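Please find my notes on this model below. They are set out as numbered points.

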Amino acid sequence: MAEPAPHGGDGEEAAAPPQRKKRRVAGGERHVPPPRRLRSGVSFGTEHFAETSCYVEGGLRKVRPYYFDFRTYCKGRWVGRTLAHVLGAEFRARPLAAFRAAARAGRLLLNEEPVRDLDTVLKNNDLLRNTVHRHEPPVTAQPIQILVENDEVVVVDKPSSLPVHPCGRFRHNTVIFILGKEHNLKELHTIHRLDRMTSGVLMFAKTAEVSKRIDEQVRQRQLEKEYVCRVVGEFPENEVVCEEPILVVSYKVGVCRVDPKGKTCKTIFQRLSYNGETSVVRCLPYTGRTHQIRVHLQYLGYPIVNDPIYNMKAWGPERGKGGKIDKTDDELLEALVEEHRSKQSLDVLGISEEDWDPSADNRVCGNSGDCRESVDPVNGNFCPAEDTKDPERGKTPVGLQSCDTNLGTLESNKETSSREGLDGLVGEEDAEEKDPLCLECQITRQDPSPRELVMYLHALRYKGAGFEYCSKMPPWAMEDWRE
C-alpha cells in the first residue's frame with residue numbers, strides 16, 4: 001500500500017506519490033504480488049461474531065455450521081511443488097477430489113484469484129485461501145459467570161469444556177467469543193490460560209498496561225494459584241510435594257508425562273476430605289507447566305477421577321503411576337486415541353477422526369486445546385502442517401462425485417449461516433441445507449453428555465499484588481459428594 005503523500009510547505013500542494021512500477025513478467029510466467037501483512041494479534045469484533053449463531057440443546061451449547069476463510073502464505077518447503085502435490089502430501093484429511101471440487105466451486109483461491117489448475121507450481125509469497133464449511137464440537141451449556149469487572153480486569157468462572165480462545169476446531173465455542181458476543185466484552189488481553197477441561201477463575205486484562213503488569217507477576221512467580229480436584233483413592237493426609245519434570249509428548253493431542261528430559265516444576269498437594277472412595281485435594285502449583293497438576297497426580301498414583309487423558313487404560317494397569325508406562329510415545333498416543341475412538345469421544349482430546357494419522361508424527365504440530373491460533377487454510381483445522389490420513393483415500397466421497405456445484409445454493413447457505421447472537425433458541429436447530437462439498441455434513445456424530453464434559457479440576461483462587469479473586473467450590477468438591 002502506498003504511503004500517504006507528505007504535506008507541501010509554503011501553501012504548495014503535496015507532491016503526488018510516485019507510481020509503483022509494474023513488474024514485468026516473462027511470457028507465460030505467473031506473477032506473484034508482494035506479501036501483505038496479515039492480521040497481527042488476535043482481536044475479534046462484530047464481523048467475526050456474526051459468522052454464525054448458537055443454540056442450546058440437551059444441556060449442550062452448539063454452533064451452527066458456518067463458512068470460514070483460512071489463509072496462509074506459501075511455506076518454504078512448498079516452493080517449486082504443484083498445488084496438487086502439496087494438497088495430496090500434506091493435507092491428507094481430505095481426498096484430492098474434494099480440493100478439485102472446491103476449486104471448481106470457486107472456494108480455493110491463489111493470490112485472490114480462483115484456482116483453475118491444481119498443477120500450478122507454487123512460488124514464494126503465494127497467498128492461499130480456502131473457504132470451508134466449519135463444524136465445531138459442542139460444549140457445556142453452563143453459562144460463564146462474571147466474578148469481577150472493573151476498569152482494569154474481567155474475571156470469570158470458566159465452565160469445563162470451553163477453550164479460552166480460538167484453537168483447534170473451536171472458535172465460537174470459546175470464552176473469548178462468548179464474552180465478546182454475549183457480554184459485549186471485547187479486545188480483552190489473556191493473562192493466563194486454563195486447560196479446556198479445567199473450570200474456575202480466569203482473568204483477562206482490559207488494557208495492555210494492566211496485562212503487562214500482571215504478566216510480570218506471573219513471570220516472577222509472584223502469583224499464588226490454588227486449585228481443587230477430586231482424585232481416585234485415599235490421598236495421604238500429610239502434605240505431598242511433587243517436583244518431577246514434565247515433558248510434552250504431543251502438542252497435537254495434548255499429552256504430557258513425567259520424564260527426566262522434561263521441564264522442572266513443583267506442585268504441593270494437601271488432602272481436604274475423603275469419602276471412602278475418592279479424595280478432594282488442594283493443589284498449589286509453583287510453576288505453570290502444561291497439565292502440571294494432572295500429570296503429577298497421575299505420577300503419584302492418584303489421578304483425577306474423570307481425567308480423559310491421565311486416568312485411561314492406555315497408560316497401562318497402573319495408569320502411569322510412578323512413570324511406568326511400558327509403551328513408546330507413539331504407542332501411547334495411538335492407544336489413547338483408540339480408547340476414545342471406541343467411546344466416540346475423540347472431541348474430548350480436541351481432535352477429530354480426520355485429524356489423526358497413526359503413520360504421521362503426531363507429537364508435533366500443535367492442535368491442543370491451549371494452542372494459539374495458527375491457521376491451516378486448507379482443511380479448516382489450525383495445525384499449519386497437518387499430516388493426517390483419510391481411511392477412504394483414493395475414493396471419491398458421496399457428494400463429490402458430481403462436482404458441478406450450484407454456487408447459488410452455496411451462497412444462499414452461506415448467508416443463512418451468518419446470524420448474530422444466541423437467538424434464545426433452546427433445543428431448536430434450523431433445518432439448514434447441508435453443504436454438498438462438506439465431508440463433515442455427511443457424518444452423524446453422537447453428542448457427548450453434559451456429564452462427560454466436566455473434569456474434576458477447578459481453579460479456585462488467584463492472588464497477586466493488590467488483588468485476590470476466588471470462585472465457589474464446585475458441587476463435586478463437597479465432602480459428602482458421591483458419584
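1. Are phenylalanine 49 and phenylalanine 177 buried or exposed? Phenylalanine 49 is buried, as is phenylalanine 177 (buried: under 20% relative accessible area; exposed: over 50%; partly exposed: in between; 1.4 Å probe, protein chains only).

2. On provenance: the model is predicted, with local features needing pLDDT of at least 70 and side-chain atom pairs counting only at pLDDT 80 or more, while totals for chains, interfaces and linings use all residues. Residues are numbered from 1 along each chain as its sequence is written, and side-chain values use heavy atoms, leaving out hydrogens and water.

3. There are 12 aromatic pairs in the structure (rings of Phe, Tyr and Trp, the last by its six-membered ring, with centres within 6.5 Å; planes under 30 degrees apart are stacked, over 60 edge-to-face, the rest tilted). The ring centres of phenylalanine 49 and phenylalanine 177 are 5.3 Å apart and the planes are at 85°, so this pair is edge-to-face. Ring pairs join Phe44, Phe49 and Phe177 in a cluster.

4. Arginine 134 lies over the face of phenylalanine 68, 4.7 Å from the ring centre. The charged end of lysine 266 sits over the ring of tyrosine 286, at 5.0 Å from its centre (criterion: NZ of Lys or CZ of Arg within 6 Å of the ring centre and within 35 degrees of the ring normal).
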